[in-house]
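Here is a brief report on one helix and on charged side-chain pairs. Look over the sequence and the model, then read on.

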Amino acid sequence: MPADTTSEQRLAELAKALGHPARIAILRTLAGRSCICGEIVDELPLAQSTVSQHLKVLKSAGWILGTLDGPRTCYSLNPQAVSEFRFVLGPALEQWEGACDCSTGPGCS
């Protein structure tokens, strides 16, 4: 069966943005609420500039939305990205779960 390269590319893009513990912490902070960047900085042991850089990566990948609120930006988790990640990751996980375990079974090479 040919690979769906569009799904694979999107999965890689979303997963790459999750490749730093600080970004995972930011998404957990944003789950269920919106935050202003300063509030995120208050909750994480990171400098403002570091948080801003991680927010930029998450926003670029589509994980978060940012809207201007006066002089500040209000960030929120993008539920569409969460659904999309589940949609493209689910089939991959199902396929990988059925993989041959060479440590326990004969015939795998």
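## A buried arginine and its partners

Arg 10 is buried, with a relative accessible area of 17% (buried means under 20%, exposed over 50%, partly exposed in between; 1.4 Å probe, protein chains only). The model is predicted: local features need pLDDT of at least 70, side-chain atom pairs count only at pLDDT 80 or more, and totals for chains, interfaces and linings use all residues. Residues are numbered from 1 along each chain as its sequence is written, and side-chain values use heavy atoms, leaving out hydrogens and water.

Arg 10 forms a salt bridge with Glu 84 (2.8 Å, N to O). By definition, a side-chain nitrogen of Lys or Arg lies within 4 Å of a carboxyl oxygen of Asp or Glu. This pair links distant parts of the chain: Arg 10 is in helix H1 and Glu 84 in helix H5 (residues 79-97), 74 residues apart. Helices are DSSP runs (H or I, at least four residues), as are strands (E, at least two), numbered from the N terminus. Glu 84 is partly exposed, at 28% relative accessibility.

Arg 10 also meets Glu 13 in a salt bridge (3.2 Å, N to O). The two are three residues apart in H1, about one helical turn.

## The other salt bridge

The whole structure has three salt bridges. Glu 43 pairs with Arg 33, with the closest N and O atoms 2.5 Å apart. Glu 43 lies in helix H3 and Arg 33 in the loop between H2 and E1, so the pair ties together parts ten residues apart in sequence.

## Helix H2

In H2 (residues 21-30), the buried residues include Ile 26 and Leu 27. Pro 21 and Arg 28 are exposed on the other side.
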